[in-house]
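I opened the model to look up a pocket lining, the nonpolar cores and a few single residues. My entries follow in the order of the look-ups.

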Amino acid sequence: MPERQIGTTKESPITFVELPPTSGGRLDGQRAEDVYSKLRLPPRAIPLLHPIVEQAGYKDVVSIAPQYNPESKLTDGDWKRIVSSDVLALSSISRTITQTEELAREYKRLNPRGLVIVGGFHASSLPEECLKWADIVVRGEGEQTLSELMTALKDNGFPKGVKGVSYKRGDEVVHEPSREGLSEEQLANLPSPIYSEAVQKGKRTNTEFTSRGCPFGCNYCLVPTFYGNYFRRKPNEVIIAQLKALPQGSTFIIDDNLAGKPRETTELLGLMKEEGLNRNSYTIQVRAQAGLIKDLPEHLSQAGIQWATVGIESLTDETLKQIGKKTTSAQNKEGVRSLRERLRVHGMFMIGLDGDTPESVRETLEWAKYNVDTAQFFAPAPLPGTEFAQQMEDQGRVLSKEYYLYDGQNVLLRPLHFSPYQLQQTIINMYKEFYSFKLFGDRVGKAFFGAFISRKTSAGQAWDHLKYDLLIRTYARWFAIRSFINDPQTQRHLTNLKAWS
């Protein structure tokens with residue numbers, strides 16, 4: 001960052017932008033077609049940070065989420081606002097960092113005196129890389145850091161002394177000391193998120209979070225490094241009030257592990273039932289072991305939880321140990337079985353880890369076909385900032401640093417027991433087989449009706465479940481899988497994988 005006073009005032013226009021994934025990572029590229037884009041979940045970061053800047057005294061704050069625009073692109077009005085802003089604040093993951101950089105460079109070209117601030121998982125992991133085009137990087141949780149940063153810019157014109165930021169002083173990169181994650185009291189006192197009119201109209205699902213951090217430390221995961229290797233949770237009365245304030249409809253509770261504190265979670269679920277919040281439907285993320293907590297699946301169901309998203313990763317104990325997953329295959333299977341007695345389970349598997357062979361992958365698919373309702377088969381991704389990524393880098397196994405490919409769908413590492421191209425085709429074929437109509441027929445006869453009987457499900461509910469499964473299967477096969485395979489980005493990557501193989 002130049003050694004100059006930024007000179008922001010309370011009237012300075014501040015604009016937040018969180019860009020959607022695009023094919024090829026281009027700012028003007030077509031929206032990436034996958035399960036995430038189809039869900040149309042609202043941005044996670046900028047709605048929380050927008051009110052923080054207003055609380056810091058700034059009066060002209062606007063948030064832009066292009067995913068809800070026509071073709072998911074910035075409009076002429078968006079560009080006019082961005083270019084006229086004194087500060088452009090960007091949030092990005094690795095998958096969207098390429099187009100985020102492109103936007104920042106174009107903004108600086110059109111407004112050389114403007115200030116670019118960037119935060120999020122990628123920037124926090126690789127601040128020096130991002131400081132090639134940004135003025136300030138906010139590392140880790142951004143609420144308190146951004147509040148102090150904006151106050152410092154308004155009062156002093158410089159970020160010196162603000163914990164959790166990185167910036168340039170001449171040619172020197174300055175990393176101010178890291179900041180601790182927000183305490184439970186601070187989480188409870190965060191202001192309500194602010195969503196733009198476009199987001200409010202376009203989002204199909206509400207989002208809410210009740211906790212941050214994770215004590216488990218899986219080596220492929222960014223959560224412990226970004227949010228901290230410890231768990232914090234909002235008080236139940238705050239969570240209930242926030243859930244009540246949401247619009248009617250489905251809600252995705254985005255915690256990485258809703259059941260991180262089982263006793264408090266059970267109390268929360270009881271309150272949700274008492275308050276009538278179970279009239280809505282909820283999707284959660286939990287570890288498989290949540291199913292082993294006494295009566296928790298029943299409490300989840302009674303609170304309106306319909307879907308549990310579970311990171312199973314592998315059915316091989318040695319592989320689970322290698323990636324730092326503090327669980328066993330037997331615990332995963334039993335936990336999923338217990339959860340699925342009351343909920344639908346979305347299982348997530350990492351395919352191509354060092355313990356995987358063609359035979360073990362086939363066993364994983366066969367188990368998934370009859371034990372989870374929906375599935376994702378991820379290629380292991382060397383996400384910057386993780387221990388796993390550093391291991392792969394040290395071993396010379398990272399095939400690509402085209403970050404727009406870092407979506408879990410593309411093979412990015414040289415596996416031990418497959419060629420890169422073979423692994424990519426294996427994952428594609430796993431999706432095709434899991435979501436096949438033949439499997440639908442098998443599940444009707446072999447799994448569904450048995451589950452319905454054990455759950456004492458009515459014929460009408462059973463039929464609704466079957467219709468829903470058929471709808472998901474049709475969508476996955478004819479739209480999601482086909483869109484991925486036919487995407488020019490996928491075709492280019494497949495060509496490269498052949499060459500690397």
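**Pocket.** I sorted the lining of the second largest pocket by class and got 5 nonpolar, 9 polar and 4 charged residues. Here Ala, Val, Leu, Ile, Met, Phe, Trp, Tyr, Cys and Pro count as nonpolar, Asp, Glu, Lys and Arg as charged, and the others, Gly among them, as polar. The lining has 18 residues, and Arg 139, Gly 140, Arg 179, Thr 225 and Phe 226 are those nearest the pocket's centre. A pocket is an open set of points on a 1 Å grid over the protein atoms alone where a 1.4 Å probe fits, with protein on both sides within 12 Å along at least five of seven lines; lining residues have an atom within 4 Å of a point. I noted a volume of about 310 Å³, taken as the space filled by probe spheres set on the points, which are joined across faces, edges and corners. At least two lining residues come from each of α5 (121-125) and α10 (223-227); helices (H or I, at least four residues) and strands (E, at least two) are DSSP runs, numbered from the N terminus.

**Basis.** The model is predicted: local features need pLDDT of at least 70 and side-chain atom pairs pLDDT 80 or more, while totals for chains, interfaces and linings use all residues. Residues are numbered from 1 along each chain as its sequence is written, and side-chain values use heavy atoms, with hydrogens and water left out.

**Cores.** I then listed the largest nonpolar core, which has 55 residues; Met 272 and Phe 377 touch the most other members. Helix α18 (residues 420-434) gives the largest share of this core, 6 residues. Apart from it I found another core of 26 residues, including Leu 74 and Tyr 107. A nonpolar core is a set of buried Ala, Val, Leu, Ile, Met, Phe, Trp, Tyr and Cys residues joined through side-chain atoms within 4.5 Å. Buried means under 20% relative accessible area, exposed over 50%, partly exposed in between (1.4 Å probe, protein chains only).

**Helix α17.** In α17 (residues 387-394) I found Phe 388, Ala 389 and Met 392 buried. They lie on the same side of α17, because their arc around the axis is only 100 degrees, taken from the directions from the helix axis to the C-beta atoms.

**Thr 205.** I placed Thr 205 in the loop between α9 (197-202) and β8 (206-208). Its relative accessible area is 14%, so Thr 205 is buried. Leaving aside neighbours within four places in sequence, its contacts (heavy atoms within 4.5 Å) include Leu 39, Pro 42 and Phe 252.
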